[in-house]
Every structure is written in structure tokens, then in C-alpha cells.
Amino acid sequence: MTAAQHVPDILSQEFAENPYPTYRALREDAPLAWHEPTQSYLISRYEDVARAFKDKESRLTTDNYAWQAEPVHGKTLLQMSGREHATRRALVAPAFRGNELREKVVPVIERNARELIDAFRHSGSVDLVGDFASHFPITVISDMFGLDRSGQEHISAWYRAFVAFIANLSGDPECAAAGERARAEFAAYMLPVIRSRRDHLGDDLLSALCTAEVDGVSMSDEDIKAFCSLLLTAGAETTDKAIAGLFANLLAHPGQLAFVRQDRGLVDRAFAETLRYSPPVHMIMRQAAADVPMSGGTIPAGATVTCLIGAANRDPARYEDPDRFDIFRNDLTATTAFSAAADHLAFALGRHFCVGALLAKAEVEIATNQLLDAMADIRPADGYDPAEQGVFTRGPKSLLVEFTPVADRQVPAG
Ligand code: HEM
């Protein structure tokens with residue numbers, strides 16, 4: 001086991017600026033590292049993190065969400081197991097795949113992308129984070145629930161407070177208090193909406209949850225509120241960072257951007273490689289229910305484990321030249337990248353594999369295509385600084401780009 005003083009600090013400013021040297025050091029020298037401030041064991045090798053997520057012997061539970069997420073969301077899918085988890089997951093899974101996704105959700109995604117792009121398509125410049133990515137997924141999921149647009153700003157503020165609570169590795173009391181305040185405000189907003197929806201059912205996801213039965217019992221208002229709280233948060237924070245990450249990666253590699261622009265069938269590959277190279281979620285925790293052997297030692301029963309997705313996805317034992325962004329790499333399969341057979345770890349694996357992965361894929365694909373159509377010659381603008389922020393979830397702070405507006409280019413000269 002590695003002594004605490006040798007473990008690079010994942011809470012330092014240096015790590016926040018660039019976590020990858022620390023990830024490398026951990027993978028190479030301390031694959032199982034005790035981290036005193038978070039009271040957890042860090043694991044960083046691909047093989048260990050993948051095994052922790054798959055957890056074939058059910059030795060690593062998601063009980064950590066009882067303290068990490070329940071105080072803001074209430075009890076959710078994330079911390080459930082066995083039959084309870086499977087039945088709850090089955091309630092929402094159909095809305096995020098197959099016909100439901102194609103016929104009901106895709107038009108919502110297309111409309112939301114178009115509306116946001118319309119606001120800047122004639123201007124010739126935009127911050128892809130502030131003006132697009134940070135709004136797009138939350139409007140999509142809010143529309144899926146059939147929520148009124150007037151509550152949008154509040155919903156965005158609440159889900160950001162929830163994410164900050166879940167990512168509060170340093171135990172900042174102000175952040176914890178803000179998360180709990182947001183929980184109370186969200187409940188005060190959402191519970192009357194749920195009660196009223198029960199009386200006026202529609203063809204939306206909230207109505208589906210209102211009428212759903214689990215083992216013959218319908219869900220309480222509190223249960224439904226917790227579900228909404230989780231879906232709004234999990235669906236927005238991540239997809240936002242995925243879209244921004246994809247554009248940051250392509251802008252840094254103009255040759256690959258040109259290939260994607262020319263052959264839109266490559267958008268999936270660009271998204272899959274973005275998930276590997278710059279995952280929106282960098283760490284996920286687990287709780288050991290028994291002693292679990294890992295590279296470098298054994299995680300003792302009762303301990304918390306922090307699975308470093310950002311480190312595992314750059315493990316040279318799994319990916320050739322892992323610090324290279326390459327949409328054509330042949331050690332990442334794009335066709336399975338959005339299913340539980342994925343070979344990157346950005347959506348986790350196993351029973352809690354992201355239930356919204358195909359929704360995220362549809363959102364990223366549609367947004368990328370519409371953005372590329374609107375910005376035929378997209379390029380970094382003055383002040384372009386794609387530096388990433390965030391330790392738990394991570395993505396570019398801003399992406400200032402400029403382009404020649406398409407409509408202007410079509411006006412005949414003279
Ligand atoms: C690129 C975008 C996304 C990424 C990187 C991502 C990442 C993840 C990860 C890492 C987990 C596993 C959590 C764990 O095992 O502890 C997860 C689970 C989950 N995600 Fe996503 N997610 C994305 C998009 C979405 C979307 C669009 C939704 C739906 C609106 C969603 C809803 C969920 C839910 C409900 C779970 C819990 C599943 C369960 O416990 O069975 N996610 N996601």
C-alpha cells in the first residue's frame with residue numbers, strides 16, 4: 001500500500017489545472033492510493049476501474065450515494081440495487097432509447113438545438129459553452145418532462161447546486177448548505193407540478209412517472225420528485241460538457257474537424273473519442289461491502305473507493321498513445337461506445353451504466369450536425385481559451401469561436 005504522503009493531491013490547484021500528470025503518477029506508482037481528505041481509496045488503472053464498475057461479485061455497492069446524493073435528490077436509482085433498481089430503471093429506460101427516443105425525443109432535441117443556434121447564427125461569433133452547451137441539454141430534458149419554460153432559470157441554478165454538492169470532495173460547508181437549500185426550493189417548485197400533472201396527464205415523461213407502478217404500487221410524489229431531480233442533473237451537467245469537449249477537441253485538431261465536417265458519419269467516432277479522452281465525469285465513488293483485491297493491494301470492507309475515470313481512460317495498458325486525441329484510433333469501438341459493452345469508462349459499466357447514453361448520443365449528434373451546418377468555417381476567436389474546469393465533472397470553461405454566417409455567404413455578390 002502506498003503511504004499517504006506519496007499520493008498526489010486530487011484537491012490541489014495544480015490537479016484542477018491539469019489532472020493528467022497526477023493520473024499518470026497514480027497509475028504507475030500508486031494504483032491503490034489512500035486519500036486522506038476524501039477518506040477514500042483512489043483507483044486509476046483501466047482494468048481496476050472497469051472491474052469495479054462491473055462488480056461481478058457484488059462487492060462494491062453504490063451505498064455512497066446515500067451521503068453523496070440523497071441529501072439533495074432524495075433516494076434515487078443510483079443508490080438502489082437488485083430488484084428495486086431494475087424495476088425503477090425499467091420505468092425510464094424506454095424513454096431514452098428505440099422508438100420513444102426516435103419518434104418523441106429527437107424532434108424535441110432538434111427544435112431546442114435550432115432555437116439556440118438561431119439566436120447567434122447571423123452574428124458570426126458565439127461562446128459555445130455559455131450560449132449553447134450549458135443551455136441545450138437542460139432545455140431538452142425539461143421539455144421531455146413537459147415543464148414550463150418560465151422555471152428554466154431556477155431549474156438550471158438548482159441542478160448546478162446539486163452537482164456542486166455531489167462533487168464537494170473538500171466538504172465545503174457553504175456548498176453543502178447551498179445544495180440543501182436547492183433541494184428545498186426544487187421540492188417547493190416540483191411537488192405542486194407533480195400534483196397538478198396527476199390531474200392533467202399528458203404525453204410526457206412526468207406523466208409517465210405519475211402513472212407508473214412499481215410492483216403494483218404507484219410512486220409517491222416524493223419518489224417522482226427524486227427521479228426528476230436525478231434526471232435533470234445527470235442529463236444536463238454531463239451532456240453539456242460532452243458537447244463542449246467534442247468541439248474543443250476538434251478545434252485543437254483541425255484535420256480531424258475537416259474529416260468530420262465532410263463525413264458526418266464520423267460524429268459518433270468523435271463523440272466516442274471525446275468520452276475517452278476528456279470524459280465529462282472524471283470520478284465515481286463506490287463503497288466496499290467486502291475486501292476487494294485491486295492492483296497494488298486490497299480495498300478493505302467498509303471503505304469508500306474513488307474510481308478515477310479520467311485516469312483509466314488514458315491508461316497506456318489499454319489504449320495506444322492514450323494522450324493523443326484520435327477519432328480514427330482502432331482500440332476504441334464507436335459502435336458499442338454508447339452501450340454497456342462500451343470499451344471506454346465515461347458512462348461507467350455494469351448495472352448502473354448510464355441509462356441516458358443513447359439520449360446523450362442523439363443530443364450530441366444533432367447538436368454537432370446543426371452547429372457545423374451553421375458555422376461552415378468555425379475557428380477560434382480572439383480570447384479563445386478552452387482551459388477545462390472542474391475536478392469531479394470537467395469541461396471547457398468557455399469556447400469563443402467565430403465563423404462567417406451562412407446566410408450572409410449565400411447573398412450574391414454585388
Ligand atoms: C455524455 C453524457 C453523459 C455521461 C458522460 C454520463 C455519465 C454517467 C455515469 C458515469 C453514470 C454512472 C454512475 C454510477 O455508476 O455511479 C451515469 C448514470 C446515469 N445517468 Fe448518465 N451520463 C450522461 C448522460 C446522461 C443523460 C442524458 C441522462 C438522462 C437524462 C443520464 C441519466 C443517468 C442516470 C439516471 C444514471 C443512473 C443509472 C443507474 O443508476 O442505473 N445520463 N451516467
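The buried residues of helix α9 are Phe136, Pro137, Ile138, Thr139, Val140, Ile141, Ser142, Met144 and Phe145. Because 9 of the 10 residues of this helix, which spans residues 136-145, are buried, α9 is largely enclosed by the rest of the structure. The model described here is predicted, and the protein averages a pLDDT of 94, with 96% of the residues scoring at least 70.

**Surroundings of helix α9**
- The buried residues of α9 pack against several other helices, namely α7 (98-118), α8 (128-133), α10 (152-166), α12 (205-211), α13 and α17.
- Directly after α9 comes Gly146, a residue whose phi is positive, near 75 degrees.

**The shell around the ligand**
- Helix α13 (221-252) and helix α17 (357-374), both of which pack against buried residues of α9, each supply at least two residues of the shell around the ligand.
- Of these helices and everything else in the chain, which element gives the most to the shell around the ligand? It is α13, with 7 residues.
- Among the 24 residues around the ligand, those that come nearest are Gly235, Thr238, His352, Cys354 and Gly356.
- Sorted by class, the shell around the ligand holds 17 nonpolar residues, 6 polar residues and 1 charged residue.

**The largest nonpolar core**
- In soluble globular proteins, nonpolar side chains tend to be buried together.
- The largest nonpolar core in this model has 115 residues, and the members that touch the most others are Val49, Cys307, Leu308 and Ile309.
- Helix α13 contributes the largest share of this core, 16 residues.
- Leaving aside residues up to four places away in sequence, Cys307 touches Ile43, Val49, Ala52, Phe53, Met283, Ile284 and Arg286.

**Gln389 in strand β12**
- Strand β12, made of residues 388-389, is where Gln389 is found.
- Is Gln389 buried, exposed or partly exposed? With 14 other C-beta atoms within 10 Å, Gln389 is partly exposed.
- When residues up to four places away in sequence are not counted, Gln389 touches Arg394 and Lys397.
- Gln389 and Ala95 are 294 residues apart in sequence, and their C-alpha atoms are 31 Å apart in space.

How values were computed. Residues numbered from 1 in each chain as written. Predicted model: local features only at pLDDT ≥ 70, side-chain atom pairs only at ≥ 80, totals over all residues. Near = placed C-beta within 6 Å. Helix = DSSP H or I, 4+ residues; strand = E, 2+ residues; numbered from the N terminus. Nonpolar A, V, L, I, M, F, W, Y, C, P; charged D, E, K, R; others polar. Core = buried A, V, L, I, M, F, W, Y, C linked by C-beta atoms within 7 Å. Buried ≥ 20, exposed ≤ 12 C-beta atoms within 10 Å, placed from the backbone. Contact = placed C-beta atoms within 7 Å. pLDDT = per-residue confidence, 0-100.
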